[in-house]
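Here is a short tour of some local features for you to follow on screen. Please keep the viewer open as you read.

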Amino acid sequence: MTQDTISRRRALKLGGAALAGTVAMPFYARRAFAAEPIKLGSLLDGTGALGLEGRRMIQTTEYAVDKLNAAGGLLGRPIKLIAYDTQSTMQLYSQYAQKLALEEKVDVIQGGITSASREAIRPIFDRDKTLYFYNTQYEGGVCDRNVFCTGSTPAQTVDHIVDYALKNWGKKAYIVAADYNYGHITASWMTKFMKDGGGSVLGTDFFPLDVTNFSSAISRIQQAAPDIVLSALVGANHSGFYRQWDAAGMKGKIPMGSSVFGLGDELTTMEPSTTNGIITCYGWYNSLTTPASVDFVKGMQAKYGADVTDLSELDTATYDGIMLWAEAVKKAGSVDRDKVIDALETGITVETPSGKVTMDPKTHHTIRTAYLATPKDRKWDILQTFPDQYPADTGGACDLVKNPKTNKQFVPTL
């Protein structure tokens with residue numbers, strides 16, 4: 001059985017309602033509210049190549065909406081979740097985005113995993129003036145007044161991975177990355193941070209998401225003999241790289257840092273010999289022992305079962321996005337898009353499982369804590385903590401307060 005098949009089967013267990021369309025509101029909530037519901041649309045990959053990451057994000061969305069409704073909803077109105085499984089297919093992203101914006105007329109969209117999916121739907125929501133939250137750690141740089149990004153960016157995380165590598169392993173890197181805009185731009189950030197730190201990149205390989213065999217890439221890396229491998233590989237198929245790297249006997253020879261590893265169920269499905277020692281940096285790990293973090297894990301396990309042990313930043317960033325939006329709705333006293341944007345641009349702060357999370361008015365990204373960590377026998381060992389990390393290194397080019405009509409993605413200058 002392939003990893004993709006496993007991901008599909010696991011995702012299907014999430015429940016047909018969440019994957020097929022409108023999620024029914026609990027009976028107690030329907031009786032408690034008389035007002036017209038506020039509509040929250042969700043587009044996430046419950047199945048397909050990104051089902052590995054998407055299934056928990058879907059559950060987190062349900063969990064957050066249920067939590068808000070249990071507390072009385074927003075503005076005295078219930079929140080109605082309308083969710084679609086986009087099945088890791090760009091055509092479905094575009095199709096369901098138009099359905100949510102034009103037919104369902106939702107008040108906000110929370111969704112998208114890959115940067116390709118974000119860029120497939122972002123123009124639709126811009127055109128139809130539907131507020132959009134993208135809750136995935138990504139390559140950074142999106143500057144669009146209608147879009148709010150809650151996941152960590154390379155300026156908050158990848159720089160710490162590279163800095164650790166330069167100080168502990170050496171100056172020569174080899175990069176392997178996914179062959180779409182996330183992988184390409186993240187590889188550029190990796191290259192920039194290596195050069196800024198006095199290092200160099202010996203080679204960079206890009207792989208489509210359906211690639212599962214990395215033997216030729218491993219041979220090229222062996223021949224190049226770098227001090228470190230930096231990975232921006234994505235999804236269930238690409239997880240095979242780490243097993244093949246270990247099987248080739250390279251695990252103990254060349255250390256590795258990754259901008260994506262561990263955002264799925266890698267720690268629970270791979271052997272510790274494969275995962276131990278890989279350096280990562282995210283906005284949250286499930287080993288954090290703060291009260292808010294512990295409560296989030298317990299709440300998810302109470303709702304979905306004790307086997308929910310593979311939660312990641314993708315899930316807490318999803319939670320952050322919904323809670324930041326909810327706080328902005330309360331502050332605005334309305335779900336009107338422009339009023340909610342104005343509220344968000346006041347620099348709203350929420351306390352979440354990740355810690356203190358503040359919306360940066362200029363970039364529409366979050367100011368947050370980042371954590372450097374490595375797997376150790378199926379658990380995350382947090383090595384360093386970096387508070388108040390700003391989201392973008394664009395030289396001030398993105399300032400949506402001064403220039404609200406800006407609509408582009410800034411990329412690093414090498």
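## The disulfide

The link between cysteine 143 and cysteine 398 is right-handed, with 90° about the S-S bond. In this predicted model, the two sulfur atoms sit 2.1 Å from each other, and the count comes to one disulfide. Cysteine 143 belongs to strand 5 (residues 142-144), while cysteine 398 falls in the loop between strand 15 (379-389) and strand 16 (407-409), so the bond ties together parts that are 255 residues apart in sequence.

Are the two partners buried or exposed? Cysteine 143 counts as buried because its relative accessibility is 0%, and cysteine 398 is buried too, with a relative accessible area of 5%.

Cysteine 149 is buried, at a relative accessible area of 1%.

Cysteine 281 is likewise in no disulfide, and the nearest cysteine sulfur, that of cysteine 149, is 18 Å away. With 1% relative accessibility, cysteine 281 counts as buried.

## A parallel sheet and its helices

Next, have a look at an open sheet of four strands, which pair in parallel in the order 8-7-9-10. Strand 8 (200-207) and strand 10 (256-258) each have a single partner strand, so they stand at the edges with one side left without a neighbour in the sheet. On average, neighbouring strands are turned by 20° against each other, direction ignored. Strand 9 (residues 228-232) runs parallel to strand 10 and is joined to it by three bridges; here valine 229 stands opposite methionine 256 of strand 10.

Two helices lie across strands of this sheet. Helix 8 (residues 181-196) lies across strand 7 (172-178), strand 8 and strand 9, and runs at about 165° to strand 7. Helix 9 (residues 215-224) also lies across strand 7, strand 8 and strand 9, running at about 175° to strand 8.

## Two lysines with positive phi

If you check backbone torsions, lysine 105 has a positive phi of about 50° although it is not a glycine. This lysine is found in the loop between helix 5 (90-104) and strand 3 (108-111), and lysine 105 counts as exposed because its relative accessibility is 57%.

Lysine 129, also not a glycine, has a positive phi of about 55°. Its place is the loop between helix 6 (115-128) and strand 4 (131-134). At 54% relative accessibility, lysine 129 counts as exposed.

How values were computed
Residues are numbered from 1 along each chain as its sequence is written. This is a predicted model: local features need pLDDT of at least 70, side-chain atom pairs count only at pLDDT 80 or more; totals for chains, interfaces and linings use all residues. Side-chain values use heavy atoms; hydrogens and water are left out. Buried means under 20% relative accessible area, exposed over 50%, partly exposed in between (1.4 Å probe, protein chains only). Two strands pair if DSSP finds at least two bridges between them. Axes are lines fitted to C-alpha atoms, for helices over the stretch in contact, and angles run from 0 to 180 degrees between N-to-C directions. Contact means heavy atoms within 4.5 Å. A disulfide is a pair of cysteine sulfur atoms within 2.5 Å.
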